[in-house]
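Visitor: I have a model open and want to learn how to read it. Can we go feature by feature?

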Amino acid sequence: MTIGEFYQSGDWKGEKHVPVIDAPENVEKDKDFMVNVEIGKEIPHPNEMEHHIVWIKLYYKGEDEKFPVELGTYNFRAHGEGDAFAEPKLNVQVKLNKSGTLIATSYCNIHGLWENSQEVTVK
């Protein structure tokens, strides 16, 4: 058994747990660009103590690279404590030297692990 067997995916337009990656498909080499990752873009995901997204991780795997690199881990700690809610969305500036794949993974405290990916071409 491997951890990869537990990751789920699907069409984010019909499944509220799938991380949605919003990034340009074509970028310039060594130039910053914004990557947005959101859970529940089309169908809102609950954000309460009993049911929430715990974390999102963003990776990049360059063409012909064996392994991805982790660009960041984003933990969402506030789920109603003190009337504060941390929404499962993130924005990060990224700079790439070659084409590859952005991979987002997330964890729902009830429905487990989820993943999605997007190709990015560097010119």
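Visitor: Is lysine 89 buried, exposed or partly exposed?
Guide: This is a predicted model, so keep that in mind throughout. Partly exposed runs between under 20% for buried and over 50% for exposed. Lysine 89 has 48% relative accessibility, so it counts as partly exposed.

Visitor: Which residue forms a salt bridge with lysine 89?
Guide: Glutamate 38 does, with the closest N and O atoms 3.9 Å apart. This pair links distant parts of the chain.

Visitor: How many salt bridges does the structure hold?
Guide: Four. One of them joins lysine 98 and glutamate 65, at 2.5 Å from N to O. Lysine 98 sits in the loop between strand 6 and strand 7, glutamate 65 in the loop between strand 4 and strand 5. They are 33 residues apart. Lysine 98 is partly exposed at 34%, and glutamate 65 is partly exposed at 38%. Another bridge joins glutamate 28 and lysine 31, at 3.9 Å from N to O. Lysine 31 is partly exposed, at 46%.

Visitor: On to the sheet. In what order do the strands run?
Guide: First the general idea. Strands of a sheet pair through backbone hydrogen bonds, either parallel or antiparallel. Here five strands form an open sheet in the order 2-8-7-4-5, with mixed pairing. Strand 2 (26-27) and strand 5 (69-75) each have a single partner strand, so one side of each lacks a neighbour in the sheet.

Visitor: In which sense do strand 4 and strand 5 pair?
Guide: Antiparallel, over six bridges. Tyrosine 59 stands opposite glutamate 70 in strand 5.

Visitor: Now the rings. How many aromatic pairs are there?
Guide: One. Planes under 30 degrees apart count as stacked. The rings of tryptophan 55 and tyrosine 107 have centres 6.1 Å apart and planes at 20°, so the pair is stacked. Tryptophan 55 belongs to strand 4 (residues 53-62) and tyrosine 107 to strand 7 (residues 100-108), so the pair ties together parts 52 residues apart in sequence.

Visitor: Is tryptophan 55 buried or exposed?
Guide: Buried, at 16% relative accessibility. Tyrosine 107 is partly exposed, at 30%. The charged end of lysine 57 sits over the ring of tryptophan 55, 5.4 Å from its centre.

Visitor: What does tyrosine 7 touch?
Guide: Leaving out residues up to four places away in sequence, tyrosine 7 touches Trp55, Thr105, Leu113, Trp114 and Glu115. Tyrosine 7 lies in the segment before strand 1 (19-22).

Methods: Residues numbered from 1 in each chain as written. Predicted model: local features only at pLDDT ≥ 70, side-chain atom pairs only at ≥ 80, totals over all residues. Heavy atoms only, no water. Phe/Tyr/Trp six-rings, centres within 6.5 Å; stacked < 30°, edge-to-face > 60°. Helix = DSSP H or I, 4+ residues; strand = E, 2+ residues; numbered from the N terminus. Buried < 20%, exposed > 50% of the residue type's maximum accessible area, 1.4 Å probe, protein only. Lys NZ or Arg CZ within 6 Å of the ring centre and 35° of its normal. Pairing = 2+ DSSP bridges. Contact = heavy atoms within 4.5 Å. Salt bridge = Lys/Arg side-chain N within 4 Å of Asp/Glu carboxyl O.
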